[in-house]
Structures are given as C-alpha cells and as structure tokens.
Amino acid sequence: MNTSSLNPSQLSAVTYNDGPQIVIAGAGSGKTRVLLWRTLNLIVFHNIRPDGIFLATFTEKAALQLKQGLQGLLRL
C-alpha cells in the first residue's frame, strides 16, 4: 500500500484502527483518498470484512470514485 502521497494528518486517519472514525475536512482536502486507503488498510491488514465497513460521502461523484477505486485496488 503506497501511502507516500498522504500528509501526516491523512496518514493518521488511514492508519487509525481503534473503532469507528469520522473524517471531516474541506473541499479538495483528500477525504475520498483517505476513505479509500483507510478501507483498503482495514480489509487487507486488519482482516475486516468489507460488509462490516460503512462508508458515507456527500456526493455521488465521491461514492463512485470510492467504488471504482476499491474495485481496482482489490481486483473485485
């Protein structure tokens, strides 16, 4: 998992695994990328089943980016 493009705050959100988490940030701050990498981290490294993860976004565009990104990275 190449997280080198994440800033320290984003990396902290991606690697947090102590329960549910809310990510709140402004437009263009990388929220969708953080959700994508956090989900991948939980599935691959913490053996969390995909059906046990709830992701919510405010736009259909972000939801589609998450879906396509996860499908591509997990080869679903």
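Which residues are buried in H2? I looked this up in a predicted model, where local features need pLDDT of at least 70, side-chain atom pairs count only at pLDDT 80 or more, and totals for chains, interfaces and linings use all residues. Residues are numbered from 1 along each chain as its sequence is written, and side-chain values use heavy atoms, with hydrogens and water left out.

**Entry 1: helix H2**

I found Val34, Leu35, Leu36, Trp37, Arg38, Thr39, Leu40, Asn41, Leu42 and Ile43 to be buried in H2 (under 20% relative accessible area, 1.4 Å probe, protein chains only; exposed is over 50%, partly exposed in between). Helices here are DSSP runs of H or I, at least four residues, numbered from the N terminus. The buried residues of H2 pack against helix H1 (8-15) and H3. I then checked the length: the 15 residues of H2 should span 21 Å at 1.5 Å a residue, and the end C-alpha atoms are 20 Å apart, which agrees. The expected span is 1.5 Å times one less than the number of residues. After H2 comes Asn47, with a positive phi near 55 degrees.

**Entry 2: Leu70**

I located Leu70 in helix H3 (residues 60-74). Leu70 is buried, at a relative accessible area of 13%. Leaving aside residues up to four places away in sequence, I noted that Leu70 touches Leu36, Thr39, Leu40, Leu55 and Arg75 (contact means heavy atoms within 4.5 Å). Between Leu70 and Val34 I read a C-alpha to C-alpha distance of 12 Å, with 36 residues of separation in sequence.

Notes. Helices (H or I, at least four residues) and strands (E, at least two) are DSSP runs, numbered from the N terminus.
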